[in-house]
Structures are given as structure tokens and as C-alpha cells.
Protein chains: 2
Amino acid sequence: MPSVSEVIATLTGAAEQDPANVQPVVRTAGHLTGTTEVTLKAGRHTVVVDEPTALGGGDAAPGPVDYAVIALASCQAITYRFWAEKLGIALDDVEVKVEADIDLRGWLGLDASVRSGFSAVRIEVTPVGSESADRYQELADAVDGHCPVLDLFANATPVERKVAVGA
Amino acid sequence: MPSVSEVIATLTGAAEQDPANVQPVVRTAGHLTGTTEVTLKAGRHTVVVDEPTALGGGDAAPGPVDYAVIALASCQAITYRFWAEKLGIALDDVEVKVEADIDLRGWLGLDASVRSGFSAVRIEVTPVGSESADRYQELADAVDGHCPVLDLFANATPVERKVAVGA
């Protein structure tokens, strides 16, 4: 397994040669495998999603909004790892907590003034290592400017939808 | 396990009594457990996230951006289930595919004009059942107006960040 610094060098070289080398398409596909259970493939991995019993599911796995905050928390942690390497900042571990507020009246269509998504998200990150608070703040600022899932949360993304009805 | 129609009736009644009854906080917490491996808790579930070897990981699990599209695909499928029940539309299954374009030059800080998140997302949904194409289109429109993770993708969400440096 290449080190993080080797990966950064390899990706940087590949991007300089042709940006298309570092422009993957992220894909998943799946279907309902229970009342609220969804089974999806992502590359060679299979992931199960379900709702808790209070939402009609079997609680076999986390729900969609849980996976959304898991995506954010893990993207923060991994981006700390990569940017610590880029900036030469020692980092032993990163602890990440994410909380997100949601009002299910939006999802259920009970109040048109309530958005269906999260109304607010809070991230708390604790970098663990021997560096000064100033250097970890420098790292945090770099991470927050480059974390893909933070960008997804904080900004609008164009989404194209197609319904294959009558197929 | 209550049926979907029972769940909708229960949640609707609870929301009418006090909106706070249907305003949960979605939480996750975890830390780096490998070079790019992150292990997180979400309720009683433990989820592992990792990067493929080309990104310095062990490919033990999907990566953060994979979980983001999994969150979207599964939220669509489950919202089809709930809104089919609300609208009285027969639905045997829903097949969902999501594709998302990303340019890793944003994450790596190689080009400040490239956003770190997805540049475009495409969803393809196939509702399976005995209803007309018109009714499934009606369902799709209702889902797209109420799907929490689609709202998260398509619109900006306020995110508050706190770094516990020197803790």
C-alpha cells in the first residue's frame, strides 16, 4: 500500500499529465429489499440502509440521513490525514463528531415551509498530535477549504433526475 | 413492525401534538482507525469507511463520497415507498442508480477554480409496479419535493465548525 505522500505525488503527477486522470465517476445502484431496507453496490462493496422501527423499518442498518453525516465525518477525517501530510503537520489521530437537525414535517409533507433536508449541521473535530494549536488551526482551515463532502453540504450541487416510468 | 401507513399516521399525529416530536438530531462520532480508515458509530450501528488503494487506503469499505451517493440513492428509494403509500400508488420495488462527477484537483488543492465537491449528480429511478406512467410521474414529482438527502445535495445547508485544538 503506498504511503499518503506517495499517493499525493502520484495523483499530482497524473493530474498534471491529464486532469481526466483524477476525475472519477462515483456510482451506486440498488433497490428496495424490504419495507424501508435498501441494498446497494458501490464498487466491490455492498451496503445496506434501513430505517429504525419508529419509521417503519427493521433497523438492520443506519438510515440515509445517518449515512449522509457519516460521509461528512469520514471525509473530514481523511482530508485531515491528507492535508497534514501536504502541510508537514504531525497528526496521530482525528476525532470527529457530527450532529444534524432535521424536521420530519418536511419529508412527510406536513408543512410546506419546512425544508425536507437538514436545517443545521454542526461538526466538532479534535486533531490529536504533538503540534501547536496554531498549526492545527492552520490544518483545519486547509481541510475546510478542500473537503469534498463539506462542499456538498455547504453549497448547492446540480442534480439531474430521470424517471424510467413505463420501462 | 408497524406498516408504512401506520407509521405515517403516528408521525403525523405526533407532529400535530408538538413539532419537536418529529425533530430528531442525527448524530455520528468516530476517528481514524487506519491510514484512511475511519470507524464511526451511528446509533447502535458501527460503520467503516475507507479509501481504495489508489488513494492510500486498504479498500476495507466504501469511501466518503460513495456513502454520500448511497445516502442519496437510499433516501430516494425510501421516500418513494412512503409517498406511494401517501398517494395510494401501488409500488412493488424501486431501482435507483446515482452517478456523481468529481475532480480530485479540488480536494488536492491543485486548482483553486475547481470545487472540491461533486460538479454534477445524475439520478435514475425506475419505479416497479402495476400503475400507469402518469401515476409514477406524479409519485416522482412528490418524492423529489420531499426527499431529505436530495434537498441536502441540491441546496446549501448551514454548517457550523468547531476545532478542539489544544484540548
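Copies are superposed here by least squares on the C-alpha atoms of residues with pLDDT of at least 70 in both. I say pLDDT, since this is a predicted model.

On that basis, chain B goes onto chain A by a rotation of 180° with 0.0 Å of shift along the axis, at an RMSD of 0.0 Å. That is how a two-fold axis relates its copies. The same surface serves both chains, as 100% of the contact residues of chain B recur in chain A. As for the axis itself, the residue of chain B that comes closest to it is Ala156(B), with its C-alpha at 2.4 Å.

Next, the contact. Chain B puts in 108 residues and chain A puts in 108 residues. On the chain B side, helix α2, residues 64-87, gives the most, with 15 residues. Sorted by class, that side has 65 nonpolar, 24 polar and 19 charged residues.

Now the strands. One open sheet has six of them, in the order β3(B)-β2(B)-β1(B)-β4(A)-β5(A)-β6(B), with mixed pairing. From one strand to the next, the twist averages 20°.

Within chain B, β1 (residues 25-32) and β2 (residues 38-42) run antiparallel and are joined by four bridges. In that region Gly30(B) is opposite Leu40(B) of β2(B).

How values were computed
Residues are numbered from 1 along each chain as its sequence is written. Chains are lettered from A and ligands numbered from 1 in the order in which they are written. This is a predicted model: local features need pLDDT of at least 70, side-chain atom pairs count only at pLDDT 80 or more; totals for chains, interfaces and linings use all residues. Two residues are in contact if their C-beta atoms, placed from the backbone, lie within 7 Å. Two strands pair if DSSP finds at least two bridges between them. Helices (H or I, at least four residues) and strands (E, at least two) are DSSP runs, numbered from the N terminus. Axes are lines fitted to C-alpha atoms, for helices over the stretch in contact, and angles run from 0 to 180 degrees between N-to-C directions. Ala, Val, Leu, Ile, Met, Phe, Trp, Tyr, Cys and Pro count as nonpolar, Asp, Glu, Lys and Arg as charged, and the others, Gly among them, as polar.
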